[in-house]
Amino acid sequence: MPAAPLDLLLLPTWLVPVEPAGVVLREHGLGIRDGRIVLIAPRAEALQHQALEVRELPGRLLTPGLVNAHGHAAMTLFRGLADDLPLSTWLEQHIWPAEARWVDERFVQDGTELAIAEQLKGGITCFSDMYFFPEVTSELVHKSGIRAQINIPVLDFPIPGARDANEALRKGLELFDDLKQHPRLKVAFGPHAPYTVSDDKLENIRMLAEELDAGIHMHVHETAFEVQQSLSQRGERPLARLARLGLLGPRFQAVHMTQVDEDDLELLATSNSSVIHCPESNLKLACGFCPVERLWQAGVNVAIGTDGAASNNDLDLLGETRTAALLAKAVAGSAAALDAHRALRMATLNGARALGLDDQVGSLELGKSADLVAFDLSGLAQQPVYDPVSQLIYASSRHCVEHLWVGGKQLLDGGRLTRLDEAQIIANAQAWGARIANR
């Protein structure tokens, strides 16, 4: 019996699967059926397969969709609100008061929709979100077609949507149960940081994460002050405390890690924890430098995130990856550190691995979900193209993103969002901006 026709056959000039590492396939085709990759073959062979739709993509580079492994989506509505301030001042005197005043379900809905639209237009097919009213975010993820990890925010004090940590966890468990069969959504625990969550709450989260096989997503070692404060108050570094409490392991996602000594490095490597690097936010807030090359050479999985737009100020993961590659060279004192191909891997497969999704996405392999992005490298600024991955990382911007698919469904076509109303999203954001500015 002949095989069913492909739903879609894509024929780019270059195809970079990410796994195997460092491979660039020229003039190959990729076939999709039922939302999954079922064919990768030279062009002539690919054209022998029947397909309901064939898309020629001359001058385009096809890669896995980008994975934004850390952010606070709804904070797009605070973009530019309190710039050029130290982290503690920015957070305690500006962001936390603004959140207390403005954040409700409607704020999260409009801010998250803005973030999803921005990320899709920038080539991001999957993001990890850590913010209030996670049930609102999950509804928007479902509606938009993007993929996401939703982290349940847990702090020792009241937050929008939860009177205390116990209520946040109870609501989180309900959301976990509601979404456990969802094909594009997974729920993880998001204790804010070691300095805002007590031992008993962290131990409870560890127990729940083990029971549910869920991730733990947490800001760790974001600043030198955080580490010094922990040493003064507890006699141990924050990462050592988390290790003592049993949180480290393959499910653990340590965001930032700008302060890493040899003991930290060993804990991360031996526990198989992931680090999520947010270079532009760390640079802007003067938090320090994550030693990406040291971590990578020690065998630590390093992914990349934009952080929130309030501290970045964009959700441009391609730009973030370029910054990461350049910064890694300066920090390591080596031009060979974090080359372009590894940088792309950090923004795709490493991100998927950190979120526990690497069996589904992050690379172009047979059987994986068809989460793909096509970059236009035919422009003036990309010529000539010797290595398309180098051109993507060092010479291109998110404006080169032309098409994007999640699970085989096209969410961006010629730079146009297919499911979201961009004009309405902009109008909503402008209305919020006017309200907040007037106060």
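## The start of helix α16

Asp-421 caps the N-terminal end of helix α16, with a side-chain oxygen 3.3 Å from the backbone nitrogen of Ala-423. Helices (H or I, at least four residues) and strands (E, at least two) are DSSP runs, numbered from the N terminus. This is a predicted model, in which local features need pLDDT of at least 70 and side-chain atom pairs count only at pLDDT 80 or more, while totals for chains, interfaces and linings use all residues. Residues are numbered from 1 along each chain as its sequence is written, and side-chain values use heavy atoms, leaving out hydrogens and water.

## The two sides of helix α16

Helix α16 spans residues 422-438, 17 residues in total, and extends 25 Å from its first C-alpha to its last. This is close to the expected 24 Å at 1.5 Å a residue, the expected span being 1.5 Å times one less than the number of residues.

Ile-425, Asn-428, Ala-429, Trp-432 and Ile-436 of α16 are buried. Because these residues cover an arc of only 95° around the axis, they fall on the same side of α16; the arc is that of the directions from the helix axis to the C-beta atoms. On the other side, Ala-423, Gln-430, Ala-437 and Asn-438 are exposed. Buried means under 20% relative accessible area, exposed over 50%, and partly exposed in between (1.4 Å probe, protein chains only). The cover over the buried residues of α16 includes α2 (87-102) and α3 (105-121).

## The annotated binding site

An unreviewed UniProt entry annotates His-70, His-72, His-219 and Asp-307 as "binding site". These residues are spread over 238 residues of sequence, yet they cluster in space, with a largest C-alpha distance of 11.9 Å. UniProt positions follow the numbering used here, feature names are shortened, and annotations may be inferred rather than shown by experiment.

## His-70 and His-219

His-70 is found in strand β6 (residues 66-71), and His-219 lies in strand β10 (residues 216-220). His-70 counts as buried because its relative accessibility is 0%; His-219 is also buried, with a relative accessible area of 6%.

The side chain of His-70 makes a polar contact of 3.3 Å with the side chain of His-72, and a polar contact of 3.3 Å joins the side chains of His-219 and His-70. A polar contact is a pair of N or O atoms within 3.5 Å; within protein, one must be able to donate a hydrogen and the other to accept it, and residues adjacent in sequence count only if both atoms are side-chain atoms. Leaving aside neighbours within four places in sequence, the residues in contact (heavy atoms within 4.5 Å) with His-70 include Met-130, His-256 and Asp-307.
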